[in-house]
Amino acid sequence: MPNKRSGGGLTGTQQAAKFLGVSVLAGAVLAGIALPAFGALGLAAKGTVEGFDEIPANLKTPPLSQRTTILDSQGGPIATVYSRDRTVVPLTDISPYMQKAIVAIEDSRFYEHGAIDLKGVLRALNRNAQSGGVSQGASTLTQQYVKNVFVEEAGDDPDKVAQATQQTIGRKIRELKYAIQVEEELGKKKILENYLNITFFGQQAYGVEAASQRYFSKPAKDLKLEEAALLAGIVQSPSRYDPVNDTTEATKRRNTVLQRMADIRQITQADADKAKAAKISLKVSKPKNGCITAVNGAGFFCDYVRAAFLSDPVFGKTKEDRAKVWNQGGLTIRTTLDPKAQKAAQQSIKDHVYQSDKVASAVTMVQPGTGKIRAMGQSRPYGFEKDETTINYSVNKGMGGSNFGFPVGSTFKPFVAAAAIEQGKPPTQTYPAPYQMPYPASIATCDGTWVNHGGQKLENENPKEVGPYGLRDAMEMSVNTYFVQMIGEIGLCPVVEMTDKLGVVMGNGKKLPQEPSTLTLGSDGIAPLTMAGAYATFANRGTYCTPTAIESIKTADGKSLAVPQTTCTKAMTERTADTINTLLRGVVDSGTGQQAGLQSRDNAGKTGTTDGRKNAWFVGYTPDLSGAVWVGSPTQRVEMENITIGGVYRPQVFGGQVPGPIWKDAMSGALEGVPSTPFNTVHIPDGPKQRPDEGDDDDEDEKPGDNRGNGNGGQEPWPGISIPPDLIGGGNNRGQANGGNGPGGNGPGGNFP
């Protein structure tokens, strides 16, 4: 050895270090035990540690990271999440065998000495001096507890962990100082309780309760002698003595603990021998951490709850503050998720869209009047395997969703109608609505004019859809040209203002661009949760409520935390909302959404299909629940023609054909047992134009029924029918879509019903 003299003696430097180390540490120990006041002064004077009166409060009650439990609205578990799998329990809930075993193997003189075992310290100092380093510790259980508190505070920061565990005399002195005061202020029983709750037992288990559940699937209070000895033996080296991966080493270590318990007369030798003879019998519970373990397909909702917590200032001023509270854990979060609605949504998805299909589906349900998210599911489960994903198709990018959401097609048209009615247009408003027409040459926006220089045209889904049409027929048949003519007359700004009030933004969180293809035919991406929340406004007679996922939160000590509250604002008059309800009730009664219609209660909704049939939607509601269903390609690369979905071959996919039945089954299950609530409706007279014949090829163009438009209150019809003369036949002064120099330019938006 280069640092040793021949014959094994220490160099002069090592001898000096030995003398200094022993003197400083032993002096600190003696001063701390015999003369605490002088010890405090001496240590403070040398700048080694703070004064004894500055003991951190967390040494008394350490803020231990624990598991957080996420519950549904009925109190049922959804998932547990944690950075440390730990459940803090009192000493009375820990087996006496466990208490005796940990003391026997870690600090057998625990109840005899103070904070420091002087014999052990001197023995360790001698050996450390001989080795020229720190090769042996003499930490008491109290000192180990102090060290674990600092390790816990370090979290997952490797630099802080290294600092908390560095083998230096300075750290030892720091531990000694705090250990003395902890002993004085807490007492032996509380120290033992804290130690058993903080220490690491391997297999991601922190604290004895989590360890008992991990290895034996039982609470710590029920541990038998041989089980307690096994857990106590793990603490020294959790990887080496891991009973899951090395039974032989774990058995040897367990037997060492048992013999030690017998040697200090905590148990009899006969009891020790009997326990040694027992084979290790584990009943391992796998770690269940994170949203991947959520029940009933609620992994995406679980992840949304996490994202909502980390993004809301209610839980902390900064992102770091919120992350600290979340990682600290120990929370019980009761959410808005209705287990019945969630099961119904997942079952409906499973029945209609397979996990392995080329396309996916997402369903989100929101309660009108409260904004509470009642269900959130999708066909591809939460996970990392094939045909799984961690992208939540129901929400915006900032909350874990896709980059841009998904184009919503004709489900956007009710927003246009609401804006027009708020501007004074009656539901009897008639436009020529030809089969094909150019976009208007120019349309007023909120800050100028949208100009169309592209020269492209838009058309209806069915060549036989030729006006004139009134609003009711145009909505039920989803006539594209009608709504483009409507927006050409009222301008884009009323629609922008309406969607702002309804909380409608693109999937990336940005405002919708002011161009007709977006604000008429839904050509830009929007999240299903956004659509469900907006449609809930119609059900709530014009009042929009922001979606919310968290009902209440309690900390580990039972304290209630403030939670975000939904904000409800008036988006339109009740008359306008009632009119939209009447219009959209016709869609499911006799329009493109008949396959979605519920038979037992009032319901309304709208279908939507986009360019290339890459997305199909049904968004609908009753007075009690709003739901949005999307089916499509997450990558927007699959066109739903000649495709098999859910085991059924589809020549073409429409919004009323696949998403509609999903919505119907999900809503039926979610509302089972809920009393039916009627809509407030208005009377809308028949328009001037009949539908295409029943024999038409388009599956979505249905023959009108006899029950559409009848109100329930004897309200008078809206007066007046206006047909602007310059719009007959599309108008000679109207240009075409995809304006090159205007603020638009996303193409013609040939979206379908």
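With the bonded cysteines of the protein numbered in sequence order, what is the pairing? Please take me through each link in turn.

Analyst: Happy to! Please keep in mind that this is a predicted model. With the bonded cysteines counted along the sequence, the pairing is 1-2, 3-4, 5-6, and the structure holds three disulfides.

Let's start with Cys-291 and Cys-302, which are joined with an S to S distance of 2.1 Å. Cys-291 sits in the loop between helix H12 (269–277) and H13, while Cys-302 belongs to helix H13 itself, so this bond ties together parts 11 residues apart in sequence. The torsion about the S-S bond is about -70°, so this disulfide is left-handed.

Strand E15 (residues 550–554) pairs with E16 in the antiparallel sense over two bridges, and Lys-554 stands opposite Ser-560 in E16.

Next comes the link between Cys-446 and Cys-493, with an S to S distance of 2.2 Å. An angle of 105° about the S-S bond makes this link right-handed. Here distant parts of the chain are connected, 47 residues apart: Cys-446 is in the loop between strand E9 (442–445) and strand E10 (448–451), and Cys-493 is in helix H19 (residues 493–501). Cys-446 is partly exposed at 36% relative accessibility, whereas Cys-493 is buried at 17%.

That leaves Cys-545 and Cys-568, whose sulfur atoms are 2.1 Å apart. This link is right-handed, with 110° about the S-S bond. Cys-545 lies in strand E14 (residues 543–545) and Cys-568 in strand E17 (residues 568–570), so the bond ties together parts that are 23 residues apart in sequence. Cys-545 is buried, with a relative accessible area of 6%, whereas Cys-568 is partly exposed at 38%.

Key:
Residues numbered from 1 in each chain as written. Predicted model: local features only at pLDDT ≥ 70, side-chain atom pairs only at ≥ 80, totals over all residues. Heavy atoms only, no water. Pairing = 2+ DSSP bridges. Helix = DSSP H or I, 4+ residues; strand = E, 2+ residues; numbered from the N terminus. Disulfide = S-S within 2.5 Å. Buried < 20%, exposed > 50% of the residue type's maximum accessible area, 1.4 Å probe, protein only.
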